[in-house]
Amino acid sequence: MSNQQTLIELNSIQKVFFTDEVETHALSNIELSINAGEYISISGPSGCGKSTLLSILGLLDTVTNGQYQLNGHQVASLNATQRARIRNKEVGFIFQSFNLISDLTVEENVALPLTYRDDFSSQDIDKAVKEALEKVDMAHRANHFPSQLSGGQQQRVAVARAIAGNPSIILADEPTGNLDSKNAEAVMSLLDELHREGATICMVTHDPRSAKRAQRLVEILDGKVIADNPIARGVQAA
Amino acid sequence: MNALFDLKYAYRMLIKNPGFTALTVSVMAAGLGLCVFMLAFIASVMTRPLPFDNGQDMYIVEAMEDGVQYNGGSLLLHDYEAIKAQSDSFTQIGAYYTATANLSNGDRAQRFAATVTTANIFSYTSTEPLLGRTFTANDAIEGSTPVAVIAYSTWQNYFGGDANIIGQSVKNNGVSTQIIGVMPQGYRFPNMADLWVPLQDDATRLNRSESISVSAFVMKKPTRSTAQVSEELKAIMAEISQKYPETNGKTSAYIATFQKAMMGDGANMIVGLMLTAVSFVLILACVNVGNLLLARANERAKETAIRVALGAPQSRLIMQMMWESIIICVLGGLFGLLLAAWALELLSYVLPNMLPIALPFWWIMKLDSELILQSIAIIGATAFVTGIVPAWKMTRGDFNAILRDGTRGAQGKRAGRINRLLVIVEVALSCILLSLSGVLVVLLQETNNSSYGVDKNNKLTARIGLSEANYPEPHQQEQYYQRLMDKLRSTPGIKGAGAMTSLPGNGAWYQPFLPEGYEVVDNQYPNTGRVTVFEGTMDTIGMELLEGRNFDSRDQLDSLPVAIISDQLARKYWPNESPIGKRFRYTNDESNPWLTIVGVVKHVIHGQPYSNMKHRTAAYVPFTQSHRRFMSIVIDVNGDADDFREALSDAVASLDPEVPAYNVAPLDLRFKRNTGGMTFIRDLFAVFALCALLLASSGIYGVLANSTSKRTQEIGIRRAIGATDEEVMSMLMKQGWKQLAIGLIIGLPLGFLASQGMVQLVGPEHNYYYGVFVAIPLIIAIVVSIATYMPAKKAIALEPSSALRYE
């Protein structure tokens, strides 16, 4: 992944929800580009549209209007199967509530997205899972079930799952929202480290302290980008 | 690898929920087990080709009188010869009839079922003898040495497996007969033959009136359809009917598989109903398991959302759920197969005692490779049916909301619709099955209680056959039976004894006849049964004399030929007048005399007490004027009829050791066995209905409990804003009843229509079965009400505050 290469390009993105006879404009004319290797945070008040934006970035939702290019793919008009394939290969998700599958072991949870890919043999999967778990320091818990782990450990496993397939971008939705300050700090440090190693990260967060660990802060209000500014390096290191 | 990953997960999920797994596997085992059992039963009795080369082209040709299909030697030998000469539909054709063989080797006499047949029966079935040889053309020439080929079981049981049996002689009905061959084990063609003797009757040397009755075994040309053959047979028989109206008035012929001919003309309808019933049970099982899997799919919506977020292709999501249904159905199928195999084995033991006939050799209740393959296909289909809706549901949903909130979400309109639809389907299907079963119970109750026109209590019956060799003359036959009657009547405990050619419940010998003065249109002579009766029999068996007199000493061979007729026959041909003194004659033989009616008895059912047979008329002639070698004897006893078996056998044996009494059975047991087939079908339907009721009630409860549980918050809100418990309960109950009403509106008419085939077959005197269509909705209404009330009560028991917080 070379820096400064545009990884994500959103042009005039609109998202409208139709419920009964009510139209809700969740996103209006969003223009946003994310370069490879960038670490950006998206913030804004509840209901401003940041999670909707993250869903669109992660191909979990479709746009009503506008163009979306992800790593060279025009993805706005893809069907569900094509979106699933690209999502699996290009995107790694980290959720606020971890979203690990309780009936799969740590190892199996991390392996899960790789089992959806044709280019990974079982040996490849084992290797990638091992590396990812070692990276988040959870290899020793490989055979445990999520219920046997603390919240922080579960989120580290979620991070391992997000990075195991070497995606183009990691999308993190309030990754520390369900954690105490100590575990939150550990997870944020992990993201910092991933970024230092070249990962592209896009994080939605309420927490100003977490937001400021990114390189760039995008602020959203009422479905519109109201600010998109770089963050001073000194703050990042705090 | 990926499939293994999903399979492993599905397995883990099922292990984690043993209650769910046990329930779903049990439901599928019941549904699939019943289905496989039913298919195996139908294959055994109806559809599996006979186990010979070209078994699929082996058919039987029998006579059809006035639209009623007969079976078991109903075609005149002359008609068989005409069909053989004129038909172009068969590659092979032969004739046979079933007779009784009293084998005697000096020590003991035993009765066997003999098949008197043309020589080609063994080449027709492409079977070589185990020992010796089969028939040659010379064996069929009248006057040649009497020979017999015996079945393996006869060889083993009667001849002790004597290795030197070939060439030995044994008395068959008093005639020294040489054993020339032993057939392989299990060979009993065409039905349950114990031995085979060559057919020596020759149509060219017999008059039509002397013609014997045979069945024709044919090998249909593969290029001819049965419909084409039927047309050809009808044309041949119509020509004969025109030419010989006295013997063939309304006679035609039909072609059928041996299996179908044996089952009778109602078989297709019964098999159709059985398949429908078992399909409904299977559908109910699939609906229940599908519904449980659907509930699980809803519960696992978050897991699905995570998989979607991780880029799971839709096909993998579908397969994830399908694996569970596959495991459930495969396990259910395996248990079901075991259950079916066990039930089939049990049936093999039970069935021979339930039915009035010896079971044919092809009734082998087993699971063969074809059935196993069919079962695998059905298991695959059920896995697909049960899994596809939950799997489809699994791929639909607001995954973003689920991932954000972590909640399952409230029950959507669509899910609610599916739930309501499931309840309606379950009510309708169970209503149809319960109605069918209920109607059968009522019909059979009425049939079993129907009067055969005689007193069935304390009567013991048996069959006697005098050999032609030892009793060739009528006076010898008369002497034998007179001595037997005297002997029996003087036995302590026996109040009366009699003999007749056909006991009530057994088919009479139906022949064309002509009432004096009756105008025959288009040479279509009517038919009536002919039963020869020994003096005193009508009193013994309790036949009610309505008019005239019984047979007595006045009726001798050289006196006026007389007959007693049933009141149904009297009403039909001599309405509004007394038939006493009127005359009629059987037209099959020109030498048959005019018979003068001297008495009228109350109608007696000769045959099964169903619509086709129970109203068939009969006339009775005295033994002294119509001698017979084969008679059924009946004794009226003090006490239990079974206690007199030995006395009866001893009395028979004391007169002539070479004449055994066989088929010894109380009359009431004969009547019970007469409806044994229908009783078996009733019991089978009762099992279907019970399964349907259990499946439907548990399914309805599951669906309503699930949908009510999803409405717990709504119930909390309603109560929070002031709704009373009664109002909430009333609301929930009304919704359950609404689905009940729709299900009944669909199910009741369908159940009524489905039952009409059975009603027509049995032909009840009364319409008591209408009550079923009142009782069944009541039962289902109670079940649905309980299934609605229980979860509603549970939801109301929750405090409103808890209900509002309920997830």
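User: Helices (H or I, at least four residues) and strands (E, at least two) are DSSP runs, numbered from the N terminus. In which loop of chain B is B:Pro190 found?

Analyst: The model is predicted, with local features taken at pLDDT of at least 70, side-chain atom pairs at pLDDT 80 or more, and totals for chains, interfaces and linings over all residues. Residues are numbered from 1 along each chain as written, chains are lettered from A and ligands numbered from 1 in written order, and side-chain values use heavy atoms, without hydrogens or water. B:Pro190 is joined to B:Phe189 by a cis peptide bond, with omega about 5 degrees. The place to look in chain B is the loop between strand S9 (175–182) and strand S10 (195–198).

User: Which residue other than glycine has a positive phi near 50 degrees, and in which strand of chain A is its place?

Analyst: Most residues other than glycine have a negative phi, and most peptide bonds are trans. The positive value, near 50 degrees, belongs to A:Ser12. In chain A, the place of A:Ser12 is within residues 6–19, strand S1.

User: How far apart are the C-alpha centres of domain 1 and domain 2 of chain B?

Analyst: Chain B is divided into domain 1, residues 68–249, and domain 2, residues 467–658 (bounds from an automatic or database assignment). In contact (heavy atoms within 4.5 Å) are 16 residues of domain 1 of chain B and 17 residues of domain 2 of chain B. The distance between the C-alpha centres of these two domains of chain B is 28 Å.

User: Which helix gives the largest share of the side of chain B that touches chain A?

Analyst: This contact takes 22 residues from chain B and 26 from chain A, and the two chains bury about 2,300 Å² between them, 58% of it on carbon and sulfur atoms. There are 3 salt bridges between chain B and chain A, and A:Glu108 and B:Arg12 meet in a salt bridge at 2.6 Å, N to O. Helix H1 (2–16), helix H10 (301–309) and helix H13 (399–405) of chain B each supply at least two residues of the side that touches chain A. The largest share, 7 residues, comes from H1(B).

User: How many residues apart in sequence are the parts tied together by B:Arg48 and B:Asp368?

Analyst: Over all chains the count is 32 salt bridges. The side chains of B:Arg48 and B:Asp368 meet in a salt bridge at 2.9 Å, N to O. In chain B, B:Arg48 lies in the loop between helix H2 (18–47) and strand S1 (58–65), and B:Asp368 in the loop between helix H11 (314–354) and helix H12 (369–394), so the pair ties together parts whose separation in sequence is 320 residues.

User: How far apart are the end C-alpha atoms of residues 371–392 of chain B?

Analyst: An unreviewed UniProt entry lists spans of chain B as "transmembrane region", including 326–351 and 371–392 (numbered as here, names shortened; annotations may be inferred rather than shown by experiment). Residues 326–351 of chain B are 100% helix and 0% strand, with end C-alpha atoms 35 Å apart. Residues 371–392 of chain B are also 100% helix and 0% strand, and their end C-alpha atoms are separated by 31 Å.

Technical notes. Buried area is the accessible area (1.4 Å probe) that two parts lose on being put together, summed over both. A salt bridge is a side-chain nitrogen of Lys or Arg within 4 Å of a carboxyl oxygen of Asp or Glu.
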